[in-house]
Amino acid sequence: MAAEEDVKQRQIIENRARNISHNVRCTECGSQSIEDSQADVAILLRKLIRDEIKAGKSDKEIYKKLEDEYGETVLYAPKFDLQTAGIWLSPVIVGGIAAGIWAYQKHRQRTNVHIMALNLVRGVPLTPREKGTMLDILTPPPPPRKWWWPGK
């Protein structure tokens with residue numbers, strides 16, 4: 001009976017250790033978890049985790065100790081703070097700015113202030129032919145295409 005409980009206890013420790021090891025990055029390899037790595041530091045970290053579990057530490061305490069000793073990059077799931085929020089949101093912000101610039105340029109191409117002013121002065125909208133003539137006269141030529149700006 002005691003042997004069965006001992007086996008169960010060892011399985012629980014092993015499962016917890018494997019779970020934690022899968023979430024910790026190998027500091028030597030960088031691209032592997034310490035569970036998958038065979039580097040010396042990974043072997044030492046796996047032993048450290050098992051020793052901490054046997055000492056009665058919680059998963060949070062173990063993660064905190066690893067983070068304190070090796071830095072936040074040792075964890076695959078770093079804390080969410082202002083810096084990481086900026087990193088994750090920067091592509092969305094840059095995309096929004098680019099979409100805004102694109103929409104503004106499209107709007108400028110389709111609207112001509114001179115024609116709108118002439119409509120107000122005359123009190124009557126221009127005919128399509130007059131509008132076309134005015135656009136031909138008043139619309140400046142398009143700027144030269146730049147190598148870095150996507151064209152049509």
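These are my notebook entries on a predicted model.

**Ground rules.** I number residues from 1 along each chain as its sequence is written. Since this is a prediction, local features need pLDDT of at least 70, side-chain atom pairs count only at pLDDT 80 or more, and totals for chains, interfaces and linings use all residues, while side-chain values use heavy atoms, with hydrogens and water left out.

**Entry 1: glutamate 35.** I found glutamate 35 in the loop between α1 (2-22) and α2 (40-54); helices here are DSSP runs of H or I, at least four residues, numbered from the N terminus. Is glutamate 35 buried or exposed? It counts as buried because its relative accessibility is 14% (buried means under 20% relative accessible area, with a 1.4 Å probe and protein chains only). I then saw that its side chain makes a polar contact with the side chain of arginine 18, at 2.8 Å (a pair of N or O atoms within 3.5 Å, one able to donate a hydrogen and the other to accept it). Not counting residues up to four places away in sequence, glutamate 35 touches Arg18, Ser21, His22 and Arg46 (contact means heavy atoms within 4.5 Å).

**Entry 2: the core.** Next I looked up the largest nonpolar core, which has 16 residues (buried Ala, Val, Leu, Ile, Met, Phe, Trp, Tyr and Cys joined through side-chain atoms within 4.5 Å). Val24, Ile34, Ile49, Ile53 and Leu66 touch the most other members. I noted that α1, α2 and α3 (59-70) each supply at least two residues, and α2 gives the most, with five. Leaving aside neighbours within four places in sequence, leucine 66 contacts Val24, Leu45, Leu48, Ile49, Gly71 and Val74.

Terms used. Buried < 20%, exposed > 50% of the residue type's maximum accessible area, 1.4 Å probe, protein only.
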